Amino acid sequence: MAANKKEDAPPSTITTADKKAEQPAAATPQFPPVEAAARRLERLYGGGKLQPTTSKGASSAALLPMNTTKIMKKWLGASSGTAGSATLASVAACAEQTLDPSGGVCVTGREILMGLCSEEDRLNVKVVTDNNNKDDGDDKVVDKDAMEEEEKVPSSDYLKLTCREVESWLLTLAVRIYWRAGQFQQAYELITKGLQILDAHLAESESNSSSTATTTGGGLYPLLARMLRYRSLIMESLLQTEDHHQSTYYSKLCNDTRTELATRHTHAVLRRDADVSATILNLHLRELLLSDRVEQAQKLISNCTFPSESASNNQLLRYLYYSGRVQALRLEYTQSYSNLSQCLRKCPSNTGLGFRIAVQRLLVVVQLLMGEIP
């Protein structure tokens with residue numbers, strides 16, 4: 001037995017060396033980061049060439065997972081780094097390569113996204129990606145399995161299962177870029193168009209009685225919550241503009257939006273959508289606190305139930321902070337201290353420094369008002 005093991009050892013060593021020598025030189029992703037993230041979502045939904053063929057007349061959509069909301073939330077978290085470094089050119093290039101222009105459901109969104117920059121800027125995104133791949137060469141270590149999956153999806157293929165989700169995600173990226181750059185008017189116009197497109201997709205999915213996987217709106221609800229939050233932040237920025245007439249116009253627009261948010265919250269509660277309902281509730285509390293309507297905020301807290309078990313941790317932290325702030329203004333220091341302490345314990349330690357500072361500062365004030373030493 002020992003002799004057999006010794007005889008088997010040299011061939012295994014040679015085989016390993018041969019495998020290393022046979023590895024292809026191109027070990028880097030062929031897609032730009034934003035497009036690679038979009039195609040990754042398509043694979044998670046079961047798209048691409050990994051999707052088996054079905055019999056004639058059978059819908060390939062039945063192969064999709066049912067819990068698309070959970071998949072979307074995990075994918076959004078995994079793609080946060082790509083979203084943070086995205087540019088308008090990369091967003092437009094991704095829309096050009098992934099959204100079908102031939103009479104598909106995302107034609108309108110594709111045209112809007114491609115109009116964000118020139119054709120030359122879109123082409124430069126691909127050129128820069130190719131140059132980076134050539135410069136990296138064999139020195140860059142890349143996951144082989146992920147590379148094999150990516151090579152199975154041709155770059156010329158348009159997304160079929162996740163085109164609505166990717167379209168809405170790209171719109172949120174473009175809005176975020178405009179908002180961070182201080183271009184609030186462009187951001188507001190784009191978020192208005194994005195909400196109209198997303199509402200049309202949701203209405204189409206809800207009107208489909210067969211409820212097939214390709215028209216299931218579960219993956220769109222986290223994106224709807226994100227769009228509503230971005231619109232609220234943009235409108236707050238517009239209210240702080242120096243132009244008095246424009247500020248008055250958007251102040252009236254905020255009052256009209258409040259009724260719309262109340263209707264959306266009712267629909268979200270009826271369909272048990274924790275993401276949208278939690279987001280809208282926090283938006284209501286934030287707006288009431290900014291306008292110094294503390295009693296109305298307290299009535300909202302007492303009459304609405306926050307989905308603590310199914311809501312995201314970020315929305316839960318915001319709700320605890322707003323609740324603690326309302327209770328502190330109403331001199332309910334014990335309950336305020338409890339909510340703020342819980343909020344501070346649940347805060348992530350590696351991000352959200354500004355939010356943790358705001359919570360800690362308010363918590364110190366509440367402790368001093370209670371007669372305690374922080």
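Which residues form one aromatic cluster? Y321, Y322 and F355 do. The points below take the structure part by part.

1. **Basis.** This is a predicted model: local features need pLDDT of at least 70, side-chain atom pairs count only at pLDDT 80 or more, and totals for chains, interfaces and linings use all residues. Residues are numbered from 1 along each chain as its sequence is written, and side-chain values use heavy atoms, with hydrogens and water left out.

2. **The largest pocket.** Its volume is about 1300 Å³. A pocket here is an open set of points on a 1 Å grid over the protein atoms alone, where a 1.4 Å probe fits, with protein on both sides within 12 Å along at least five of seven lines. Grid points are joined across faces, edges and corners, and a volume is the space filled by probe spheres set on the points. The lining of the largest pocket counts 31 residues. Lining residues have an atom within 4 Å of a point. R226, R229, N314, Q315 and R318 lie nearest the centre of this pocket.

3. Seven helices are named here. Helix 3 (68-78), helix 4 (80-84), helix 9 (163-180), helix 11 (221-239), helix 13 (274-290), helix 15 (313-329) and helix 17 (353-369) each give two or more residues to the lining of the largest pocket. Helices are DSSP runs (H or I, at least four residues), numbered from the N terminus. Helix 11 gives the most, with six residues. By class, the lining has 14 nonpolar, nine polar and eight charged residues. Ala, Val, Leu, Ile, Met, Phe, Trp, Tyr, Cys and Pro count as nonpolar, Asp, Glu, Lys and Arg as charged, and the others, Gly among them, as polar.

4. **The second largest pocket.** This one holds about 400 Å³ of space. It is lined by 19 residues, and E236, L239, C254, E287 and L290 are the closest to its centre. Helix 11, helix 12 (244-270) and helix 13 each give two or more residues to this lining. Helix 11 and helix 13 also give two or more to the lining of the largest pocket. The lining of the second largest pocket has seven nonpolar, seven polar and five charged residues.

5. **A covered helix.** Helix 5 (residues 88-98) is mostly covered, with nine of its eleven residues buried. Buried means under 20% relative accessible area, exposed over 50%, and partly exposed in between (1.4 Å probe, protein chains only). The buried residues of helix 5 are L88, A89, S90, V91, A92, A93, C94, A95 and T98.

6. **Cysteines.** Take C343. Its closest cysteine sulfur is in C347, 4.3 Å away, so the gap is too far for a bond. C343 is buried, at 0% relative accessible area. C304 is partly exposed, at 22%.

7. **A stacked pair.** The whole structure has four aromatic pairs. Rings of Phe, Tyr and Trp (its six-membered ring) pair if their centres lie within 6.5 Å; planes under 30 degrees apart count as stacked, over 60 as edge-to-face and the rest as tilted. One of the pairs is F306 with Y319, stacked at 4.4 Å centre to centre and 10 degrees between the planes. F306 sits in the loop between helix 14 (294-303) and helix 15, Y319 in helix 15, 13 residues apart. F306 is buried at 7% relative accessibility. Y319 is buried too, at 12%.

8. **An edge-to-face pair.** Y321 and F355 pair edge-to-face, with 5.6 Å centre to centre and 65 degrees between the planes. Y321 is in helix 15 and F355 in helix 17, so the pair ties together parts 34 residues apart in sequence. Is Y321 buried or exposed? Buried, at 13%. F355 is partly exposed, at 26%.

9. **A charge over a ring.** R39 lies over the face of F31, 5.0 Å from the ring centre. The test asks for NZ of Lys or CZ of Arg within 6 Å of the ring centre and within 35 degrees of the ring normal.

10. **Positive phi.** Most residues other than glycine have a negative phi. D292 has a phi near 60 degrees. D292 is in the loop between helix 13 and helix 14, and is exposed at 66%. L331 has a positive phi of about 65 degrees. L331 lies in the loop between helix 15 and helix 16 (333-346), and is exposed at 61%.

Conventions. Disulfide = S-S within 2.5 Å.
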